[in-house]
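Visitor: Hi, could you walk me through this one? I'm new to reading structures.

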Amino acid sequence: DAKPDRYTYDPDNPVPSVGGNTCCGTPTPAGPRDQRPIEVRPDVLVYTSDYLDREIEVTGPVKVVLHASSDAVDTDFVGKLIDVHPDGRAFNVAEGVLRARYRESLSRPTPLQPGRVYELTIDLVGAANVFLPGHRIRVDITSSHFPQFDRNPNTGDPFGTTANVKVAHQTLYHSASQPSYAVLPVVE
């Protein structure tokens with residue numbers, strides 16, 4: 001019965017890349033970096049587990065499944081798997097982005113119907129991490145990770161053809177009938 005979470009994504013003020021799998025060089029080097037500076041932004045949703053009482057090894061493909069809606073005809077959803085240390089430092093482990101127009105096919109883009117709830121799967125590729133006792137597992141959700149991923153203007157226009165952008169209002173659902181969750185390959 002949880003109420004949805006909402007945030008606003010403004011392409012003119014994208015969430016900056018802080019580390020990442022293949023990021024960007026100077027001044028944004030690749031690799032694990034503390035995500036706390038961007039997690040305080042109002043356009044980043046942060047979901048954190050309780051403190052772990054045992055090791056949890058996550059090795060293999062990681063996905064985040066969202067039930068989400070937008071008032072834009074196209075937008076991005078970004079997911080990050082984070083290892084939160086006992087002192088609060090929060091290091092990125094895996095990340096991925098889904099450009100909503102390509103949710104069904106990379107060769108046949110399909111616009112969103114504004115306000116409609118979609119099940120969207122973000123592929124965070126893979127991870128190999130042991131979350132230690134006293135750590136927490138976190139998932140961050142947002143709509144940009146720039147410059148590692150090009151910002152989505154939310155207009156549905158072909159990329160590179162216009163300077164127009166639209167602010168998108170995003171809603172993330174996490175009820176029993178519309179769950180949002182992470183799929184972690186836990187190794188026992």
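Here is a chat about strand pairing and ring contacts.

Guide: Quick heads-up: this is a predicted model, where local features need pLDDT of at least 70, side-chain atom pairs count only at pLDDT 80 or more, and totals for chains, interfaces and linings use all residues. Residues are numbered from 1 along each chain as its sequence is written, and side-chain values use heavy atoms, with hydrogens and water left out.

Visitor: OK! How many bridges link strand 3 and strand 6?

Guide: Twelve, with strand 3 (residues 56-70) and strand 6 (residues 118-131) running antiparallel. Strands here are DSSP runs of E, at least two residues, numbered from the N terminus, and two of them pair if DSSP finds at least two bridges between them.

Visitor: And what faces P61 over there?

Guide: That's G126, in strand 6.

Visitor: What about strand 3 and strand 8, how many bridges?

Guide: Four, again antiparallel, and strand 8 covers residues 168-173. Here S69 sits opposite T171.

Visitor: Which residue in strand 9 partners K63?

Guide: V183 does. Strand 9 (residues 181-183) is antiparallel to strand 3, with three bridges. Strand 10 (residues 186-187) also pairs with strand 3 in the antiparallel sense, over two bridges, and V58 is opposite V186 there.

Visitor: Then what lies over the face of Y118?

Guide: R103, at 4.5 Å from the ring centre. A charge sits over a ring if NZ of Lys or CZ of Arg is within 6 Å of the centre and within 35 degrees of the ring normal.
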